[in-house]
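Please walk me through this structure, beginning with the sheets and ending with the contact between the chains. A plain account in paragraphs is enough.

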Amino acid sequence: MRMNRILGTLALASLFLAPLARGQEPEPAADPKKPDDKHKTEETWFAVTGGDVYTGDGSFLRGATVLAHNGKIERIGFELDFPADTKKLDATGYRVYPGLVAISSSGLLGNSSSEFEDTIDPFSQRMILGLASGITSTGVGNSAVKLERFRIAGAVLRDRIYSTFSWSSRNPSGKQGLRDKFRATADYMREYRDWEEKVKKDKELKEPPKKGVDNAVLSVLRGDTIAKFNAGDRDDLLGIARLAQDYGFRPVIDGCQEGWTVADELGRAGAMAIVTARDRRPKDEHQVIEGGTNIQNASLLYRAGVPIAIAVQQTGVDLSGLVGRDIMGLTIEAGFAVRGGLPEAAAIASITIVPARLLGVSHRVGSIEVGKDCDLIITDGDLLHYNTFVQWAIVDGRIAYDKQKELFFAQIRPRPEPTVAVGERKLDKGESKPEAGKDEADKSGEEKPKEEKPKEEKPKEGREVGALATAPRLIAAPNRNGYRVGGKPVARLTE
Amino acid sequence: MILQTLLLSLASALPSADPQPAALPNLFAIRVGRAETITNGTLQHAVILVEGGKIVTIGEDLPVERGIPVIDRPDWVVMPGLVNAYSRLSLEGDAGEEFSPENKASDELFADSEELKDVVKYGVTTLGLYPAGNGVCGQAVAIRPLGKTNADLVLADSCYLKIVLRASSSSKRALRDGFKKADDYVEKEKKAREKWDKEQEKKKSKPTTKKEESKSEDEKKDDSKDEKKSAGPDVYVPPEADPKAQAFLDLRSGKLRALVSVQSAAEYLHFLDALGEEKISWDLRLPLQRESDLYYVLEKKAYGLEADGIGDKKARCVLEPTLTVEPGTMHVRNLPMEFARAGAKLVLIPRSESNPDHEHWLANVGEVVAAGLDRATALRAMTLEAAELLGVDKRLGSLEKEKDANLLFFSGDPLEPTSKLEAVMLEGRIVFGEVKP
């Protein structure tokens, strides 16, 4: 976990460095045969151009390009140069978000929740529906996995994430037992550190005894796993907060229904919460103090400094049960948290970077940053709006979902023609195939690489965005709510 | 000549399904309107000369020597007997344990079974029977459906090793364990060899003869264990392999093929994953349910797969003749056709083990042909390709000289539902219907 945090910070730092490096001449294809890449079959470049990029850390880049190399984000910015064989996706008029991270789901990749790698079904209909809902990574059981289509390798991001403990007022002896385990383990760790110092001088010294030490607790206190509790009652939440403060770990609390009543305490204890905005539970009438669920729960916890991950009520894809409360309604659930007062940016974070942190995979997924996996979703409007569709989902720099190509939502507000991915458009009847190279030259204006320059490593594609700059610029104008009526981009001319 | 007499005695041992077997002479000719030869296309006005249960010659409009009895049916169509390469007819053995590669279907055989006699009426003249079970089930046997004793039935044993692979850890582990057992044996054998070499070194240092070294391979085998016990090994005798390991050693050496059952596209990928770097010959059994997503793994390029698709591998696929739909939709797909077009080799089997499905086998294949499957591929898939899967293609599966005279006589095109199966000939004997010269 610590390592992950460090990596996360590095990735964050590189994002800030990226714009600085913009002025330099980027040479992504300058050295295609690095010694490490020898057994790699091929280099893949992928670019999403012209979209409004919401990086997921608060910044917003209008009409920017995200360039990926071998599945990792290589560069984010404007007027980027990239190799000629880059696969491009024109997202002009669309929004680009990081792929969503569902804190927990079931059945998206296979039927089993254990022995993951051997049961993955990368052709499952449920996976397509997951991607259609914008989810590109998810927690399953005690693992974090990616929604990789058409392959079974590399889907598992991380396993053994949590150590799950029970803490409930209904089981007082259990609470005491857990406390004892923490005490014994903390004592052991102290003695062990002491022994480590002393053994340098006295080699005969014996290791301290492991009596009463619980391995799950040990891994939490060492920072190898994250302590997870399922709790919702105010008393339990306070107890967990106290325990966490006593032994110096950050608990993840799943449920946390009455968290809003003790938000400050949870915030001080460094707790992290998994909440469902539309959870319903009545107040305990025996208590005078406030209780029960509150739509403001997420908002109040967030304001008290508790990182929030939004979860849905039913973690599977449910096509017949509570419509809109299964995993396909993840963004809607986050929207309900916004209704309760959670800022929009925090709501988006609660289904992207925060769950990625909770799962310990924020160095790979959860935001659009240089060095992270190129997991993006391209939507036709505001992510949290009910009218918004995911048009494309990109996983590891490959198009994993295209609304027009899958059967589920293609017929609803079909995507207008011109926005079909560049280079993938089928020729109309009677249309002749453009001569090789001519098409590219047209787009790049006069910047076609001249034949006199023989020492160019790879013919560069030219400036995709630069070419647009010479022509009147098309900018999609989302309306106030950030979506377009009828699915057709409303465009206006600017100078 | 000896062979012929042997075959004759064999043929005479065959009882017939029909109460009144039509007695045919040892040598006779057949003259029919059309013959589907499988290997040599369709012959018009075909003449087939049969002697001692084997096809002696086949051709168009061949003159028949005077005195040879001729079955003359200018309106009939003849094709080779059907081969159902994947069946459990007449077997009722319980499924063994998860990992039983040494199991043999031939141990469960039941000669004189009514079920076997029944399918002869529908034109099935060869069957491949496999052992039941999950995981690594065991080895299949190729049989003729009629015979008095089990030995009469068997055409070839250890035809393929049936493996059921599901997307689960235990299933994948079973396959890997098999190869590990083979590895263990190789290791053991290497050690035994080293030990033997060392002992030889010692002996050399002492004055001993080394005449034994020049023994041939066969003699080595003949030297039994007791010699090893008594005088110490003068000849290297490799340690005996556990039968479970032996099956996997045979897979590796190519002596045995694997027939791997996978139900979905994902399971195909899991199979390749479990197989890893092992180089074995394998065929696929793809049970087609109503909804099947196997089209995802036809070709590598279609969906950007990391592994080769079934078509790219030119794998042999055992399928039911049936049309499927894309999961969750009503989009009909003709997977047998798509597999054939992608480069895979087809083996078509009846839709189930029931008599009606055997009866309608050809008609069902006809439906798939009507929906686009190549006709010649379809006919081959029920005869020669299936025989190849069973490793008996040298002796049956097509109308060629020196092959068994397993013939089906139809009143019209075999795939036409209105055609009637008039007679079935098994190794030169009429076992169903009535045919007189």
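In what order do the seven strands of the open sheet in chain B lie? In this predicted model, the order is 3-2-1-4-17-18-19, and the pairing is mixed. At the edges are strand 3 (54-60) and strand 19 (429-433) of chain B, each of which pairs on one side only. From one strand to the next, the twist averages 35°.

Strand 1 of chain B, residues 27-36, runs parallel to strand 4 of chain B, residues 70-80, and six bridges join the two. One residue to look for here is Val32(B), whose bridge partner in strand 4 of chain B is Arg73(B). Strand 4 of chain B also pairs with strand 17 of chain B, residues 407-410, this time in the antiparallel sense and over four bridges. Here Pro80(B) has Leu407(B) in strand 17 of chain B as its bridge partner.

Strand 6 of chain A pairs with strand 7 of chain A, residues 135-140, in the parallel sense over three bridges. Within that pairing, Val101(A) has Ser137(A) in strand 7 of chain A as its bridge partner.

Side-chain charges give a further set of links. Side chains of opposite charge can pair when their charged atoms come close. Over all chains, the structure holds 60 salt bridges. One of them joins Arg151(A) to Asp396(A), with the closest N and O atoms 3.5 Å apart. This pair links distant parts of the chain, 245 residues apart: Arg151(A) lies in the loop between strand 8 (143-146) and strand 9 (156-158) of chain A, and Asp396(A) lies in the loop between strand 16 (390-395) and strand 17 (398-402) of chain A.

The last topic is the interface. Which numbers of residues do chain A and chain B bring to the contact? Chain A gives 17 residues and chain B gives 20 residues. About 1500 Å² is buried between chain A and chain B, and carbon and sulfur atoms give 56% of that area. Of the area that chain A buries against chain B, Asp118(A), Phe123(A) and Phe150(A) supply 44%, more than any other three residues.

Two salt bridges are found across the interface of chain A and chain B. In one, Asp118(A) pairs with Lys172(B), and the closest N and O atoms are 2.9 Å apart. On the side of chain A that touches chain B, eight residues are nonpolar, two polar and seven charged. Between the two chains, six residue pairs are in polar contact, with both residues at pLDDT 80 or more.

Technical notes. Residues numbered from 1 in each chain as written. Chains lettered and ligands numbered in written order. Predicted model: local features only at pLDDT ≥ 70, side-chain atom pairs only at ≥ 80, totals over all residues. Heavy atoms only, no water. Contact = heavy atoms within 4.5 Å. Buried area = accessible area lost by both parts, 1.4 Å probe. Salt bridge = Lys/Arg side-chain N within 4 Å of Asp/Glu carboxyl O. Polar contact = N/O pair within 3.5 Å; in protein donor to acceptor, adjacent residues only side chain to side chain. Nonpolar A, V, L, I, M, F, W, Y, C, P; charged D, E, K, R; others polar. Pairing = 2+ DSSP bridges. Axes fitted to C-alpha atoms, helices over the stretch in contact; angles between N-to-C directions.
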